[in-house]
Amino acid sequence: MKILAIPGKMPITESWLLKIISATQWRQETVDMHRFIAWKNEQAFSVDNEISYLPSGHFDVVITKSIGCLITLKAQKAITWDRLVLIGVAWSLFSESERELLPALEKKSQPVLIIQEKHDPFGSYAEIAAEVAGKHNIHCVEVGGDRHQYTDTEAIGELINHWAKETGTVATL
């Protein structure tokens, strides 16, 4: 199984995302953890610049957090997936045209799981759920919180496992 993990803007989200993946039942020997070029060169963070450094190709699962969600959605010409997990969509950072990318995932038909804090300061669960309401392949789950931190990695892993089983995905791929 090929997993592409795209963390949030801060380097600490790399280890956080590995904890999430460890809490799933997915085999983890093929995790490709993207490391942002801005981290290495201490540059200003640029979504478009980071997209150019993403690995390209097809992945069984793409799992991402925060600004990584936007990067993933904008990089759909370079990366494809069978399953997509978006955690903490940073909705307030999306432009008007970029906001169309999230509900457009319905056209791809692959299962999408969105995990969003009830009061995430970058986009509440209610905001995100409204954008994907009625989309047959997109499942949005609310978790408690209001700091964009998603600290209960075990619970998030369980949500992912439950969703994988519900959508007919083999959880131990």
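## Lysine 74 and its partners

At 30% relative accessibility, Lys 74 counts as partly exposed. The structure described here is a predicted model. In this model, Lys 74 forms a salt bridge with Asp 48, and the closest N and O atoms are 2.8 Å apart. Asp 48 belongs to helix α3 (residues 47–51) and Lys 74 to helix α4 (residues 67–74), so this pair ties together parts that are 26 residues apart in sequence.

Lys 74 also forms a salt bridge with Glu 98, with 3.0 Å between the closest N and O atoms. Because Glu 98 lies in the loop between β4 and β5 while Lys 74 lies in helix α4, the pair ties together parts that are 24 residues apart in sequence. Glu 98 is buried, its relative accessible area being 13%. Through shared partners, the salt bridges join Asp 48, Lys 74 and Glu 98 into one network.

## The salt bridge of Glu 14 and Arg 35

Four salt bridges are found in a search of the whole structure. One of them joins Glu 14 to Arg 35, with the closest N and O atoms 2.6 Å apart. Glu 14 is part of helix α1 (residues 12–22), and Arg 35 is part of the loop between β2 (31–33) and α2 (37–41), so the pair ties together parts that are 21 residues apart in sequence.

The two partners are also described by their accessibility. Glu 14 counts as buried at 16% relative accessibility, whereas Arg 35 is partly exposed, with a relative accessible area of 42%.

## Aromatic pairs

The whole structure contains three aromatic pairs. Among them, Phe 36 and Phe 45 form an edge-to-face pair, with 5.0 Å centre to centre and 80° between the planes. Phe 36 is buried, with a relative accessible area of 0%, whereas Phe 45 is partly exposed, with a relative accessible area of 23%. Trp 91 and Phe 94 form a tilted pair, at 5.1 Å centre to centre and 40° between the planes. Both Trp 91 and Phe 94 are buried.

Ring pairs also link Phe 36, Trp 39 and Phe 45 into a cluster.

## A negative surface patch

On the surface, Glu 96, Glu 100, Glu 127 and Glu 131 gather in a patch of negative charge. Glu 96 is located in the loop between β4 (79–87) and β5 (112–117), and it counts as exposed because its relative accessibility is 64%, where exposed means over 50%.

Glu 127 is located in helix α5 (residues 125–132). At 38% relative accessibility, Glu 127 counts as partly exposed. Glu 127 and Val 112 are 15 residues apart in sequence, and their C-alpha atoms are 17 Å apart in space.

Key:
Residues are numbered from 1 along each chain as its sequence is written. This is a predicted model: local features need pLDDT of at least 70, side-chain atom pairs count only at pLDDT 80 or more; totals for chains, interfaces and linings use all residues. Side-chain values use heavy atoms; hydrogens and water are left out. Patches are made of residues with over 30% relative accessible area and no salt bridge: like charges are joined within 9 Å, nonpolar side chains (Val, Leu, Ile, Met, Phe, Trp, Tyr) within 5 Å. Accessible areas come from the Shrake-Rupley method with a 1.4 Å probe; for residues, only the protein chains shown count as cover. A salt bridge is a side-chain nitrogen of Lys or Arg within 4 Å of a carboxyl oxygen of Asp or Glu. Lys and Arg count as positive and Asp and Glu as negative; His and the chain ends are not counted. The place of a charge is taken as NZ of Lys, CZ of Arg, CG of Asp or CD of Glu. Helices (H or I, at least four residues) and strands (E, at least two) are DSSP runs, numbered from the N terminus. Buried means under 20% relative accessible area, exposed over 50%, partly exposed in between (1.4 Å probe, protein chains only). Rings of Phe, Tyr and Trp (its six-membered ring) pair if their centres lie within 6.5 Å; planes under 30 degrees apart count as stacked, over 60 as edge-to-face and the rest as tilted.
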